[in-house]
Amino acid sequence: MVGGRPLGRRFGWLWAAYAVSAFGTRLAFDAFALIAILVLHAGPTEVSALAAAGLAVGAAVAVPLGPWVEFRRKRPVMIAMDLTRCAALLSVPAAYAVGLLTFVQLLVVSVVVGAADIAFNAASGAYLKALVRPEDLVVANGRFESTNWTATVLGPPVGTAAMGLFGPVTTVVADAVSYLLSAAGIRAIGGGEPRPVRAGGPGARLRPGDLLEGWRFVLGHPVLRPLFFNTVLVSGLIMATSPLLAVLMLGDLGFAPWQYGLAFGLPCLGGILGSRLARPLVARFGRHRVMLTAGTLRACWSLGLAFVRPGTAGLVLVVAVEFGLIACMGVFTPVFAAYRLDRTPTDRVARTLSAWSVTSKVTIAALTGLWGLLAAAVGPRTAIAVAGVLMLVTPVLLPRHDLVPQQDSERDPARSRT
């Protein structure tokens, strides 16, 4: 147990729900791309469009969901989003079974799931802040982070084997069932949840300005603003180079698929290690210093991927670089997530998390497309090197000082207890 600190039965159910859905998602890792290739005989352009559109369009659809989530009880929203994702995913094997599966359906399902992901994460973040004490946020997020990396280690190889044995839509069914189990776990949390109070009364309509409130708050906050730009850019650069590294290793350098899988499965153990170190490091050095140090160190690894060569030495280099990167992320992410929740007033959490997630997904989609064009012009190795150099600049966007505006404590009573 990360941190060895009990957080209560209700958090236990939330953690269990997160774990089962995380494993389901990792089992179905790249399932839509494989289905598009193996079943629908889609080409690389269509597969890339499927990945990019699912992120970008799903994010656009989710923009009004942030304010909608903010002023509703969070557990019913989380359950509804789980059931929505379950139903959308089950439509894929149903259509496959009767021979009616199309590329358009995969695209629509990816958009629905992407939008529901954002709404669920916004609601769960707000719910977590109300569920645990401020001083326990690092512990709680550390457990989520450790679970995520454990699922990442185990899920993809098991999912790939299952698809080979039982057919291309097997893991999609497993993912859908995981959301159903997650909904059951969230329902089992029990307990009352007050309805959020909204200016203008419960019957007040959504105003156009509400759609931008999450961005307005983040961009106006002296600590969250630099963190926003840092995390969005880092995520975008990491994800943009992922397909290029696959092309470089599996194509130009001749690595076998199992070697490629090993190069990205084994380093995920670094994420488990990092997430377990997060709380003791915070206890010793303080939240802001740990976040600043881990955020800086995670920017130092990606450039090394541009120097990968064929053979065992090249494989070891990729494993070492990815392990270092993921270990730093394992420390940074739970500390950052707790820090962000702690600095966000309760009545703005859902909108803030939604705006953050929407921006991140759109940035990933845009940078993935841009780096694909760059790789076509200069080659994947050079494109990876350019991303690595830009990563080295990202620490300047981390907040140098732990500024806590007085209005945060006044607007959010939880801040006064930290």
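**Surface patch, helix packing and salt bridges**

Trp 258 is placed in helix 11. The model described here is predicted. Trp 258 is exposed, because its relative accessible area of 60% lies above the 50% cut-off. This residue belongs to a nonpolar patch on the surface. Two elements give two or more residues each: helix 11, spanning 257–265, and helix 12, spanning 268–285. Helix 12 is the main contributor, giving three residues.

Two helix pairs were examined for packing. Packed helices are described by two quantities, the angle between their axes and the distance between those axes. The crossing of helix 5 past helix 8 is left-handed.

The second pair consists of helix 7 (residues 137–166) and helix 14 (residues 311–343). Here the angle is about 140 degrees, with the axes 8 Å apart. Helix 7 and helix 14 are thus oblique to each other. An angle must be over 145 degrees to count as roughly antiparallel. Helix 7 passes helix 14 in a right-handed crossing.

Helix 9 covers residues 213–219 and includes Val 218. Val 218 is buried, because its relative accessibility is 1% and the limit for burial is under 20%. Its C-alpha atom lies 17 Å from that of Leu 65. Along the chain, Val 218 and Leu 65 are 153 residues apart.

The model contains 10 salt bridges. One of them is formed within helix 9, by Glu 213 and Arg 216. Their closest N and O atoms are 2.7 Å apart. The two residues are separated by three positions, about one turn of the helix. Glu 213 counts as buried, at 13% relative accessibility. Arg 216 is partly exposed, with a relative accessible area of 45%. Glu 213 and Arg 216 also take part in a network of salt bridges that links them with Asp 347 and Arg 348.

Asp 342 takes part in salt bridges with Arg 287 and with Arg 343. In the bridge to Arg 287, the closest N and O atoms are 3.3 Å apart. Asp 342 lies in helix 14 and Arg 287 in helix 13 (residues 287–297), so this pair ties together parts that are 55 residues apart in sequence. In the bridge to Arg 343, the closest N and O atoms are 3.1 Å apart. Asp 342 is buried, with a relative accessible area of 5%. Arg 343 is buried too, its relative accessible area being 5%. Arg 287 has 17% relative accessibility and so counts as buried, the limit being under 20%.

Note on methods: Residues numbered from 1 in each chain as written. Predicted model: local features only at pLDDT ≥ 70, side-chain atom pairs only at ≥ 80, totals over all residues. Heavy atoms only, no water. Patch = residues over 30% accessible without salt bridge, like charges linked within 9 Å, V, L, I, M, F, W, Y side chains within 5 Å. Areas by Shrake-Rupley, 256 points an atom, 1.4 Å probe, with all protein chains shown as cover. Salt bridge = Lys/Arg side-chain N within 4 Å of Asp/Glu carboxyl O. Helix = DSSP H or I, 4+ residues; strand = E, 2+ residues; numbered from the N terminus. Buried < 20%, exposed > 50% of the residue type's maximum accessible area, 1.4 Å probe, protein only. Left-handed = near helix turned anticlockwise from the far one by under 90°. Axes fitted to C-alpha atoms, helices over the stretch in contact; angles between N-to-C directions. Parallel < 35°, antiparallel > 145°, perpendicular 65-115°, else oblique.
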